[in-house]
Amino acid sequence: MESPPPSENSMAECLLQEEGRQRHGARAFLCSPLQWFQMLAKEMHWSFVYGVVIVNGISQGLGGAICRVASDYYWKDVQRLQPSEAQVYQGITSLPWIVKPFWGLLTDVIPVAGYRRRPYFILAGLLGAISMFILWLPKELGPLLALLLMTAGSAGMAMADVTIDACIAENSISNPSLAADMQSLCGISSSIGGLLGFSISGQLMNEFGSKGVLGLLSIPATLVLSVGMLLKEIKVPIFSHKQICGKLLKVNHTMWATLKRSDVWRPCIFMFTSLALSLSIQEGMFYWYTDTKTGPSFSQGTISFIYSIGSVGSLLGVMLYQNFLKEYPFRGLLFWSQMISSISGMLDLVLVLRLNLKLNMPDRLFVMIDESVSQMIGRIRWMPLLVLSAQLCPSGIEGTFFALLMSIDHIGMLISSWGGGLLLQALKVSRTEFDNLWIAILIRNVLRIVPLALLHLVPKRSSILKVDSFIKAEPMENEADDIEQSSLIANT
């Protein structure tokens, strides 16, 4: 049965209760992780817990961390790309995450053989495993074919992410008291997987090389495929093409009507601008990190360790926001986080100009401080944007609309990546020339301040938007449709 929507006056209380349950879930894990896992497996079936751990912990956490290190070295050493080219290629591989609402609509509205989740896990696993296996083959691949295979692997990961989110949403509706525990399970799995992935990626690179390590990523993808085979799921009726088209049209109409509201598109403009103007020059910095002449000539193990320290900084940012900053007004928190992001970016400038050596601070120590601080500030800047996005969603299509907002943010990140690549090319930063890298860093830091001119588009304080002010999705006509609609509402 579909849960009734919360009233306007109770929504804020529900959010506070949700935060309390999240802290309780985290404490339960720390005190007795085995009992906590057993409780979740008993209440929601072990196959669901297995799916969350595989998708969030193994595929995205462990696999994502290993892929970041291996792909950087692959573009640099195997394909011999320039930093600007590698920057653009990395942005292209993120394209499947931009169409995240499309994957959500597929798994919600179009069942395959009577199942809405299992076939898409199988498809995601096959897509990732086959693409990574082909990338590992001894035959030399051109950069365009390698890019296509990496993008296909990213599509498999994005599809699995959306599908497991839909499973979590369904279980949150049927077990609302465990909703926070499920989110804690996702966060803990992803964090542990990421830390483990960065910790072992250096050793894996030494043993197998970047191409071999990318081939090993077919193992996490195969585990995703196993989720589709083992997941417990109830069959649903097969819908006609007319019913499916009708649902898609209703969702599209509601999303477009909502986007045209000023209290929605104004914050969206700020979020998009904030991400797009924070140009990413990560590939330029990576090439400089590993350069033996002008850079610090970091080894593969050092690079992996630096990234793992960055993961710790990101976790620290989440803890700071949850415990001290979540009650801050939106505008104030975004203003200071944007300013500090620009200022902290100057640490890269100090490093590239070698000023840290004049202060008798070794490169490795300085880079670890730089990476942890930048990741922590980036996470603090990202958290209020997530909260704001959740509050902009209309009643009836919350999950799908949230995925749409996240896609808009991913477009901003894509522009950031491509813009950074163009900047590196314009400044003639290459595999061996880094004389103008400091200018790219300076331009990036200055541009981070520009979105503050649009800060007035964001509401001053965190407030629950009135549900009645939005156009609601029309109810379905029969019970089978109600099942589909409840899933569509909750999917993220």
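**Confidence first.** I'm working from a predicted model, so I checked the scores before anything else. The protein averages a pLDDT of 80, and 82% of the residues score at least 70. Helix 20 (residues 437–447) has the highest confidence, at a mean of 96, while helix 21 (residues 479–490) has the lowest, at 38. I also noted two stretches with pLDDT below 50. Residues 1–26 make one of them, with 26 contacts beyond near neighbours in sequence. Residues 463–492 make another, and there I find 85 such contacts.

**Helix 15.** Then I looked up which residues of helix 15 are buried. My list reads Phe330, Leu333, Leu334, Ser337, Gln338, Ser341, Ser342 and Ser344.

**Leucine 195.** I found this residue in helix 9 (residues 179–216). Leaving aside neighbours within four places in sequence, leucine 195 touches Ser308, Ser311, Val312 and Leu315. I checked the C-alpha atoms of leucine 195 and valine 312 too: they are 7.8 Å apart, though 117 residues separate the two along the chain.

**Aromatic pairs.** My count came to ten. One of them joins tyrosine 73 and phenylalanine 286, edge-to-face, with 4.9 Å centre to centre and 90 degrees between the planes. This pair links distant parts of the chain, since tyrosine 73 is in helix 3 (residues 46–78) and phenylalanine 286 is in helix 13 (residues 282–289), 213 residues apart. Tyrosine 73 has 4% relative accessibility, so I put it down as buried. Phenylalanine 286 is buried as well, at 1%.

I then turned to phenylalanine 133 and tryptophan 136, whose ring centres are 5.6 Å apart with planes at 40 degrees, so this pair is tilted. Both lie in helix 7 (residues 118–136), three residues apart, about one turn of the helix. Phenylalanine 133 is partly exposed, with a relative accessible area of 43%, and tryptophan 136 is partly exposed at 43%.

**Clusters and charges.** Back at tyrosine 73, I saw that ring pairs link Tyr73, Phe286 and Tyr287 into a cluster. Lysine 76 has its charged end over the ring of tyrosine 287, 6.0 Å from the centre. Arginine 68 puts its charged end over the ring of tyrosine 307, 3.8 Å from the centre.

How values were computed: Residues are numbered from 1 along each chain as its sequence is written. This is a predicted model: local features need pLDDT of at least 70, side-chain atom pairs count only at pLDDT 80 or more; totals for chains, interfaces and linings use all residues. Side-chain values use heavy atoms; hydrogens and water are left out. pLDDT is the predictor's confidence in each residue, from 0 to 100. Helices (H or I, at least four residues) and strands (E, at least two) are DSSP runs, numbered from the N terminus. Contact means heavy atoms within 4.5 Å. Buried means under 20% relative accessible area, exposed over 50%, partly exposed in between (1.4 Å probe, protein chains only). Rings of Phe, Tyr and Trp (its six-membered ring) pair if their centres lie within 6.5 Å; planes under 30 degrees apart count as stacked, over 60 as edge-to-face and the rest as tilted. A charge sits over a ring if NZ of Lys or CZ of Arg is within 6 Å of the ring centre and within 35 degrees of the ring normal.
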